[in-house]
Amino acid sequence: MLWLFVSALVFGGALIVAGLLGHDADTDHSSHVVGDAGLLAVFSLRNLTWACFAFGGIGLLGVLTHRSATVSSVSASIAGVLTLLGVHALFVVIRRTEADSVPLDVLVIGAPATLVLPFDTNGLGVISFLANGQVQEMPAKRAPNVEALESMYFTTCRIGWIENGIAVVEPTAN
């Protein structure tokens, strides 16, 4: 059994080190395919790598501490399965957290803004506004119903919508 645990530990450890030094295949576009595979996603290369590493490590620890072959095998198997499920659950949570991020466009519609760079001859200026607790700047243009107004009326304005990455703004009532 010693050879099995050492092989699993070395194989899993080598893959983990290779993943840390290089490109992790599961983070690429293939993760979307694996993530959409339902229960089969548990058996991704990343999860199996960590499970293999845990299986080998716990099994080797059992052998080195003179535990019986049964105790070493069972504890190594349990550690491998728990690691497999734990790593999978961890990355599912991380993926959901990233997916729940609301796009900036949705957050800023209706937000108050300040015109920091007046509209030029092409009708483009720059606004400053607060989003996600941070000051953001974005190119802006006047809304069609207020295109004739000068920049001085937009000192404080409101973002109506985002059009191709440009905020369409209207002056506030002040």
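In what order do the elements of the protein run from the N terminus on? Colour the chain by secondary structure and read along it: the order is α-α-α-α-α-β-β-β-β-β. That comes to 5 helices and 5 strands. Keep in mind that this is a predicted model.

**Whole chain**

For contacts between residues at least 6 apart in sequence, 54% join residues at least 24 apart.

**Helices α1 and α3**

Select residues 2–21, which are helix α1, and residues 45–64, which are helix α3. Their axes come within 7 Å of each other and cross at roughly 140°. An angle over 145 degrees would count as roughly antiparallel, so α1 is oblique to α3. The crossing of these two helices is left-handed.

Now show side chains where the two helices meet. On the α1 side, select L2, L4, F5, V6, A8, L9, F11, G12, G13, L15 and I16. On the α3 side, select T49, W50, C52, F53, F55, G56, G57, G59, L60 and V63. Coloured by class, the contact has 15 nonpolar residues, 6 polar residues and no charged residues.

**G12**

Centre the view on G12, which lies in helix α1. Is G12 buried or exposed? G12 has a relative accessible area of 0%, so it is buried. Leaving aside residues up to four places away in sequence, G12 touches T49, C52 and F53. Next, pick the C-alpha atoms of G12 and W50: they are separated by 6.3 Å, although the two residues are 38 apart along the chain.

**The largest nonpolar core**

The largest nonpolar core has 18 residues. Select I127, F129, F154, I159, A167 and V169, the residues with the most contacts inside this core. The elements that give two or more residues to the core are β1 (112–117), β2 (124–131), β3 (134–142), β4 (156–163) and β5 (166–171).

Within that core, centre on I159. Which residues does I159 touch, not counting those up to four places away in sequence? They are V108, I109, G110, A111, A113, I127, F129, A167, V168 and V169. Of these neighbours, I127, F129, A167 and V169 are also among the core residues with the most contacts.

**The second core**

Finish with A8, C52, L60 and A76, which are included in a second, separate core of 6 residues. A8 in α1, and C52 and L60 in α3, also belong to the contact of those two helices.

Key:
Residues numbered from 1 in each chain as written. Predicted model: local features only at pLDDT ≥ 70, side-chain atom pairs only at ≥ 80, totals over all residues. Heavy atoms only, no water. Core = buried A, V, L, I, M, F, W, Y, C linked by side-chain atoms within 4.5 Å. Buried < 20%, exposed > 50% of the residue type's maximum accessible area, 1.4 Å probe, protein only. Helix = DSSP H or I, 4+ residues; strand = E, 2+ residues; numbered from the N terminus. Contact = heavy atoms within 4.5 Å. Axes fitted to C-alpha atoms, helices over the stretch in contact; angles between N-to-C directions. Parallel < 35°, antiparallel > 145°, perpendicular 65-115°, else oblique. Left-handed = near helix turned anticlockwise from the far one by under 90°. Nonpolar A, V, L, I, M, F, W, Y, C, P; charged D, E, K, R; others polar.
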